[in-house]
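Welcome, and thanks for taking a look at this chain with us. Please have the viewer open while you read the notes below.

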Amino acid sequence: MRILVIEDEHRIANSIKKGLEQETYAADVAYDGESGLDLAATEDYDLIILDRLLPGMDGVEICRKIRLEKIHTPVIMLTAKDQLQDKVDGLDSGADDYLVKPFAFAELLARIRALKRRPKTVIGEVLKIADLQINTRTFEVKRNQKIINLSQKELAILEYLMRHPHITLSKDQIIAHVWDYDADILPNTLEVFIKKLRQKIDKPFPKKQSLIQTVRGFGYKISDKT
Ligand code: CA
């Protein structure tokens, strides 16, 4: 596991590097945004630890550029203040997690382990099945290069199905995931939403395989296999 640390404060950067190496991770350090972005774009890292406050190009800008380059390496952003807006900006720019300074090194290690456990498809921005894709950050949905507009609930159902491709999910599972605990949703309501989803995802493409499949008496799955 090779980790890139982008942090301008030498003391912090070096202590992170030392700590990571003690855990047998390989670690490179960049002390400014430009060289950090350069390394992220040219070398193959498993994880990037990115300070938010950097001279010149800040962490949010770097993260945006990394994602624009289609680099899906998980990013943990370090923020100085425990400010909601800082977290929102960090996550919106494409970071996967954040940690407020000062932090305990054990917590950083725990977050690294948690990101390592996440399957690549979850970390990546775009979930795909056949010619259907959903960007999990912008929620843009496309099939056969055509943009499809979905309501919030339709998106949530589709994303949940696409995170579990080829696996049948029960109606109860889908309802529990998409609606909050207090919502009193009956299976009939879900059926209505699935019908609407089909009209947008499958019906406009009659020559293509229907992706949303009913498993009678149980639930639904998304799959391009019959
Ligand atoms: Ca800094």
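Helices and strands here are DSSP runs, of at least four residues (H or I) and at least two residues (E) respectively, numbered from the N terminus. Please keep in mind that this is a predicted model.

## A cis peptide bond

Let's begin with the backbone. Proline 102 sits in the loop that runs between β5 (97-100) and α5 (105-117). The peptide bond joining lysine 101 to proline 102 is cis, with omega at about -10°.

## Positive phi away from glycine

Threonine 24 is not a glycine, yet its phi is positive, at about 70°. You will find threonine 24 in the loop between α1 (10-22) and β2 (26-30). Its relative accessibility is 70%, so threonine 24 counts as exposed, the cut-off being over 50%.

Asparagine 144, also not a glycine, has a positive phi of about 55°. This residue belongs to the loop between β8 (141-143) and β9 (146-148). With a relative accessible area of 40%, asparagine 144 is partly exposed.

Which residues is isoleucine 174 in contact with, leaving aside its neighbours within four places in sequence? They are Ile157, Tyr160, Leu161, Leu169, Leu190 and Tyr220. As general background, nonpolar side chains in soluble globular proteins tend to be buried together.

Notes. Residues are numbered from 1 along each chain as its sequence is written. This is a predicted model: local features need pLDDT of at least 70, side-chain atom pairs count only at pLDDT 80 or more; totals for chains, interfaces and linings use all residues. Side-chain values use heavy atoms; hydrogens and water are left out. Contact means heavy atoms within 4.5 Å. Buried means under 20% relative accessible area, exposed over 50%, partly exposed in between (1.4 Å probe, protein chains only).
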